[in-house]
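Hello,

Here is the structure I promised to pass on to you. Please have a look at it first, and then read my notes below.

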Amino acid sequence: MAIYRFRITFEDFDEVVREIDIKSTQTFEDLHKAIHRSTGYSTEKSSSFFVSTDNWIKGDEIAYLPNQRKIDRGVALMENARLNKFIDDPHQKFYYIYNFDRPFDFHVELIKIILNTDPNIEYPFLVKSSGEAPKIIEKNNLDAVAVSSNPVSTDFDFLNEMDFVPEDTEELEAMGGRGINAEEKSDDAEEEETADEDDEFSDDDNFGDEEYKEDDY
């Protein structure tokens, strides 16, 4: 009996990787549950595998807890679908959608076929786990929000707060580093300018007095 080794990655979180060994005669339901033993997610969510092309274009669907429309259409069920019945390529790919209410998309790729089982291993078996799966926060058991495991910085981002766009760099350079409010003048600066103007006029007045005295002579 052959063993399939699948690499499972989140479509939007490349750093999260799982590799799982599973018997070729086991079902997609077994693989579905093995994936979520490794992520910590509930397995009791409507989900589907899709036989996929190399470009992740979805084909035939294998469903878990399908809605009535899919049942009426005769969709294959995970609990009845053995893996070896859907694998024609040694690098077979499956596009996997977990929880259609709040979906996460996965890429599932067959990366190795092992010809003999290990009697000391219980399959499915988690071979590799890299990266923390994004957390799902339940709220009143009615809806959920997916939260990235990456920490969020609390530092104040000045440029983002000012709705900064790359084109603004030219304007900032033209301002010569004077700052966003460079055109605003302080009260002290205005007083200094007014004082300078008064000094100029006072010089003119003295000049006028000298001319007047010359006329008297």
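Glu29 and Lys33 meet through their side chains in a salt bridge, 3.1 Å from N to O; the term stands for a side-chain nitrogen of Lys or Arg within 4 Å of a carboxyl oxygen of Asp or Glu. Both residues lie in helix 1, four residues apart, about one turn of the helix. Glu29 is buried, with a relative accessible area of 15%, whereas Lys33 is partly exposed at 27%. Here buried means under 20% relative accessible area, exposed over 50%, and partly exposed in between, with a 1.4 Å probe and protein chains only.

Before you read on, please note that this is a predicted model, in which local features need pLDDT of at least 70 and side-chain atom pairs count only at pLDDT 80 or more, while totals for chains, interfaces and linings use all residues. Residues are numbered from 1 along each chain as its sequence is written, and side-chain values use heavy atoms, leaving out hydrogens and water.

A search of the whole structure finds six salt bridges. In another of them, Glu19 pairs with Arg7, with the closest N and O atoms 3.4 Å apart. Glu19 lies in strand 2 and Arg7 in strand 1, so this pair ties together parts that are twelve residues apart in sequence. Glu19 counts as buried at 8% relative accessibility, while Arg7 counts as partly exposed at 33%.

Arg73 forms a salt bridge with Glu61, and their closest N and O atoms are 3.2 Å apart. This pair links distant parts of the chain, with Arg73 in helix 2 (residues 68-73) and Glu61 in strand 4, twelve residues apart. Glu61 is buried, with a relative accessible area of 13%. Salt bridges with shared partners join Glu61, Lys70 and Arg73 into one network.

Now for the overall fold. The chain has five helices and ten strands; these are DSSP runs numbered from the N terminus, with helices being H or I of at least four residues and strands E of at least two. Eight strands form an open sheet in the order 5-4-3-6-7-1-2-8, with mixed pairing; two strands pair if DSSP finds at least two bridges between them. Strand 5 (76-77) and strand 8 (125-130) stand at the edges with a single partner strand each, so one side of each has no neighbour in the sheet. Strand 3 (residues 47-52) pairs with strand 4 in the antiparallel sense over five bridges, and Ser48 stands opposite Ala63 in strand 4.

What about the interior? Buried residues make up 29% of the 217 residues in the chain. The largest nonpolar core has 28 residues, and those touching the most other members are Phe6, Phe10, Phe28, Leu31, Phe49, Tyr96 and Val108. Such a core is a set of buried Ala, Val, Leu, Ile, Met, Phe, Trp, Tyr and Cys residues joined through side-chain atoms within 4.5 Å. Among the elements that each supply at least two residues of this core are helix 1 (28-39), strand 1 (3-10) and strand 7 (104-114). Leaving aside neighbours within four places in sequence, Val108 is in contact with residues including Phe6, Leu31, Phe49, Trp56 and Tyr96, where contact means heavy atoms within 4.5 Å.

Enjoy exploring the model!

Best wishes
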